[in-house]
Amino acid sequence: MDFGDGFDFEDSFPSMIARLGVEGFIGELCDGFRLLMDVNMGLITFESLKVSTYLLGLEVRDDELLCMLMEGDLDGDGALNQMEFCILMFRLSPCLMDMQGNEYPVQARVINLL
């Protein structure tokens, strides 16, 4: 996927699961959540996301940050908890949504581990 700024996004989640296993992958998702969250609130907020993108050297407009939050905010509180973040990551990974585990889809196994 090309974001128009020379940055290409490749869905690496399926290969991460193959390499790390489901439990390892969950750990990576949770680490990613913690990197982006407001440590006092335990949520990814607009402010924490803005600071994180700045620290990563990314130039993201405020309206784009708000859209990211709105896309994953299932309970309407304006922020992302860990479960909302993980669900959003799955929804953004078409390959992962199509992967099948031994007994049932990988996404169901991951959600059960959370």
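Biologist: Is Thr 45 buried or exposed?
Modeller: This is a predicted model. Thr 45 sits in the loop between α1 (13-36) and α2 (46-55). Its relative accessible area is 5%. Buried means under 20%, so Thr 45 counts as buried.

Biologist: Which residues does Thr 45 touch, leaving out those up to four places away in sequence?
Modeller: A contact needs heavy atoms within 4.5 Å. With residues up to four places away not counted, the partners of Thr 45 are Asp 38, Leu 69 and Ala 79.

Biologist: How far apart are the end C-alpha atoms of α1?
Modeller: α1 has 24 residues. A straight helix would reach 34 Å at 1.5 Å a residue. The ends of α1 fall short of that, at only 18 Å.

Biologist: How many helices and strands does the protein have?
Modeller: From the N terminus on, the elements run α-α-α-α-α-α. That order goes with 0 strands and 6 helices.

Biologist: Which helix has the lowest confidence, and which element the highest?
Modeller: The protein averages a pLDDT of 81. Helix α6 (residues 106-113) is lowest, at a mean of 60. The highest, at 96, is α2.

Biologist: What share of the residues in the protein is buried?
Modeller: The protein has 114 residues. Buried ones in α1 include Phe 13, Val 22 and Leu 36. Over the protein, the buried share is 33%.

Methods. Residues numbered from 1 in each chain as written. Predicted model: local features only at pLDDT ≥ 70, side-chain atom pairs only at ≥ 80, totals over all residues. Heavy atoms only, no water. Helix = DSSP H or I, 4+ residues; strand = E, 2+ residues; numbered from the N terminus. Buried < 20%, exposed > 50% of the residue type's maximum accessible area, 1.4 Å probe, protein only. Expected span 1.5 Å × (residues − 1). pLDDT = per-residue confidence, 0-100.
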